[in-house]
Amino acid sequence: MTAVPAEMGPSSTALYPESYPPHGASGSATTPDHNSNTQPVMRQQASPRIQPQPQHRKTTRDGGYGLSEALSSPDVPTVTGHSAPEARLGTPSSRPDDPQGAGPPGQSKPRPLTELYTVSYLVFFAILGTLARLGLQALTSYPGTPTIFSSLWPNFAGCLIMGFLAEDSKLFLHEHGVPRSSPSPTDKAHTSSDATTANDAAAKKAHLAVKKTIPLYIGLATGFCGSFTSFSSFMRDVFLALSNDLIVSGSQQPQRTRNGGYSFMALLAVLIVTIALSLSALFAGAHLAVAVEPYTPSIPFRAMSKVFDRAVVPLAFGCWIGAALLSAVPPDRNDTPPPLERWRGTATFALVFAPLGCLLRFYVSAWLNKPSRGAARFPWGTFAVNILGTTVLGMAWDLQYVPLGGVLGCQVLQGVEDGFCGCLTTVSTWAAELASLRRRRDAYVYGGASVGAGLAVLVVVMGGLRWTDGFAEIQCLH
């Protein structure tokens, strides 16, 4: 595991702030004054009723809008060690005047409607995320490429976007439940800088809690970023590096002449490069959000609730049905000579299975990532879906390389690997959890257990075939 520093520098955010009150705590909270040279003094935080002010952004432990505080998609535990109950569908927000947590008074959305919008966004962005992952893999696979494992760049890009979304405080500023009142000049004149910092931090925490209930944000973070990245593909590349089966771009077969020591070094290379770049991209995305915050527009509430939410329902399920139709009647069926029908194995079958994996990941994570199940120290939901998806990918890989089912069966299995397993597993959420777990020891245990369990599963599933009968030639082109 790559060590995650406690602070990234004098102008960076704190990764492990000890002064934040638990999520969902109402009323006032106390925080120690770390800037004092004497015994820490406890001060009161005001109720989070002030709109976030970009000019007051601080990065200290006692007032900052830290990256670790923001790094929580709907299925990620927060830095305080509490899961994000506000992300579950229909859960009330922290505003006393918004009992349903779905909008301003008089404009609340019924829970079934909110769930329909959330599912639709997940379906739509799972398809987009899968297309982005497959497209980026194709763009970065060329003769002489410096990285020969295809999962690296999608994982990097997905974590970059996840970091941006987590730190951003402008895109969803006008959504439901966000305090809109600003302090008057008189209040500012009679408010100390420490109190202003505390008020801003509390308001930003309240904005973050509300943001995680917005269907569009859930679709972007859990749907797109979670489907853009793939933990199962990452573990597949780790195993292929160990078994010397990574195919160098521009050649048809991997190099077969190296000893076990080189294979172990190759395994370490894939692990270190992927984890380091994923975590780096996460922080780079957060810094990018801070840098462009003055220029980032805010999505109007009416546009989101009246246009986006309503349009995504037919759009999402229309795209899903369209992918099924393209798989049943591929566009390249009549190409001559010969009819290869490569679209099925390349994309369309993956698009059919992608929403299933994304929805399963969302609901399993919401069910298991709870404080009562120990998610404060070990996010069991993300761990479970990552290991399950890795196991399914290993079995599909074996069936491809036995081989069974002919060309069509091989293409369906490729769709299961790229679509279902790719969207069921995620690196962006996994990296966000590694950065946001309060105790460093928990982050190392969680990261090591995820990588160790994933590799162990593939050694049993894929290694059983690789080191006995060997991998046969694959029958489908994709």
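Colleague: What share of the contacts with a separation of 6 or more comes from residues 24 or more positions apart?

Modeller: A contact is a pair of residues with heavy atoms within 4.5 Å. In this chain, 81% of the contacts with a separation of 6 or more are between residues 24 or more positions apart. This is a predicted model, in which local features need pLDDT of at least 70, side-chain atom pairs count only at pLDDT 80 or more, and totals for chains, interfaces and linings use all residues. Residues are numbered from 1 along each chain as its sequence is written, and side-chain values use heavy atoms, with hydrogens and water left out.

Colleague: What is the mean pLDDT of the chain, and over which residues does pLDDT stay under 50?

Modeller: pLDDT is the predictor's confidence in each residue, from 0 to 100. Its mean over the chain is 77, with 68% of the residues at 70 or more. Residues 1-107 stay under 50, and the model has 285 contacts beyond four places in sequence for them. Residues 177-183 are also below 50, with 22 contacts in the model beyond near neighbours in sequence. Where pLDDT is low, the predicted coordinates should not be read in detail.

Colleague: How many helices and strands does the chain have?

Modeller: Helices (H or I, at least four residues) and strands (E, at least two) are DSSP runs, numbered from the N terminus. The chain has 14 helices and 2 strands.

Colleague: How far apart are the end C-alpha atoms of helix H3?

Modeller: The expected span of a helix is 1.5 Å times one less than its number of residues. H3 covers residues 152-167, which is 16 residues, so it should span 22 Å; its end C-alpha atoms are 23 Å apart, which agrees.

Colleague: How many residues of H3 are buried?

Modeller: Buried means under 20% relative accessible area, exposed over 50%, and partly exposed in between (1.4 Å probe, protein chains only). In H3, 12 of the 16 residues are buried, among them Leu152, Cys159, Met162 and Phe164. For the whole chain of 478 residues, the buried share is 55%.

Colleague: What does leucine 220 contact?

Modeller: Leucine 220 sits in helix H6 (residues 215-228). Apart from neighbours within four places in sequence, it is in contact with Phe125, Leu165, Phe172 and Cys225. Its C-alpha atom is 8.4 Å from that of methionine 162, a residue 58 places away along the chain.

Colleague: How many salt bridges are there?

Modeller: Side chains of opposite charge can pair when their charged atoms come close. The rule for a salt bridge is a side-chain nitrogen of Lys or Arg within 4 Å of a carboxyl oxygen of Asp or Glu. The count is 3. One of them joins aspartate 237 to arginine 236, with the closest N and O atoms 3.2 Å apart; both residues are buried.

Colleague: Where do aspartate 245 and arginine 466 lie?

Modeller: Their side chains form a salt bridge at 2.6 Å, N to O. Aspartate 245 is in the loop between helix H7 (231-242) and helix H8 (260-291), while arginine 466 is in helix H14 (residues 440-466), 221 residues apart. Aspartate 245 counts as buried because its relative accessibility is 9%, and arginine 466 is buried at 19%.

Colleague: Which aspartate forms a salt bridge with arginine 377?

Modeller: Arginine 377 pairs with aspartate 442, the closest N and O atoms being 3.3 Å apart. Arginine 377 is in the loop between H10 and helix H11 (380-400) and aspartate 442 is in helix H14, so the pair ties together parts that are 65 residues apart in sequence. Arginine 377 is partly exposed at 41% relative accessible area, whereas aspartate 442 is buried at 5%.

Colleague: Is aspartate 332 buried or exposed?

Modeller: Its relative accessibility is 7%, so aspartate 332 counts as buried. Its place is the loop between helix H9 (301-328) and helix H10 (342-368). Leaving out residues up to four places away in sequence, aspartate 332 touches Glu341, Arg342 and Trp343. The C-alpha atoms of aspartate 332 and arginine 342 are 7.3 Å apart.
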